[in-house]
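Let's take a friendly look at how charged side chains pair up in this protein. Have the sequence and the model open as you read.

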Amino acid sequence: MKQNKILSLIGLAMKAGKVVSGEFSTEKAVKTGQACLVIISEEASDNTRKKFQNMCTYYEVPIYFYGTKIDLGIAIGKEFRASLAVTDQGLSTAIEKQLSNSN
């Protein structure tokens, strides 16, 4: 049930236009200070995981490794996504709360 709630909140953020997805857009959002939360697929390559982990630590952006590429893609109405960033503080707080409860 928690998984559906998290993916629903990501979908809601997407409908509100507060999600950027894909490696390039996610990286840009983090570096420009727009990203409030970064979610990386558990299936992402080690290189991608390390890159975003280091970047998010440096820019002090919360990062979570969650779901499959297909789960994340479906949640935002795309094919599949390994990385996405939520750019709204309220929505990212709600998603982060669910993510920390699911672990």
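## About the model

This is a predicted model, in which local features need pLDDT of at least 70 and side-chain atom pairs count only at pLDDT 80 or more, while totals for chains, interfaces and linings use all residues. Residues are numbered from 1 along each chain as its sequence is written, and side-chain values use heavy atoms, with hydrogens and water left out.

Searching the whole structure turns up 3 salt bridges (a side-chain nitrogen of Lys or Arg within 4 Å of a carboxyl oxygen of Asp or Glu). One of them pairs K51 with E23, with 2.9 Å between the closest N and O atoms. Because K51 sits in helix α3 (residues 46–59) and E23 in helix α2 (residues 23–31), this pair ties together parts 28 residues apart in sequence. Helices here are DSSP runs of H or I, at least four residues, numbered from the N terminus.

K51 also bridges to E27, where the closest N and O atoms are 3.0 Å apart. E27 belongs to helix α2 and K51 to helix α3, so this contact joins parts 24 residues apart in sequence.

## Within helix α2

K31 and E27 form a salt bridge as well, at 2.9 Å from N to O. Both lie in helix α2, 4 residues apart, which is about one turn of the helix.

Taken together, E23, E27, K31 and K51 are linked in a network of salt bridges. How exposed is K51? K51 is partly exposed, at 30% relative accessibility (buried is under 20% relative accessible area, exposed over 50%, partly exposed in between, with a 1.4 Å probe and protein chains only). E23 is partly exposed at 36%, and K31 is partly exposed at 44%.

Definitions and conventions
Helix = DSSP H or I, 4+ residues; strand = E, 2+ residues; numbered from the N terminus.
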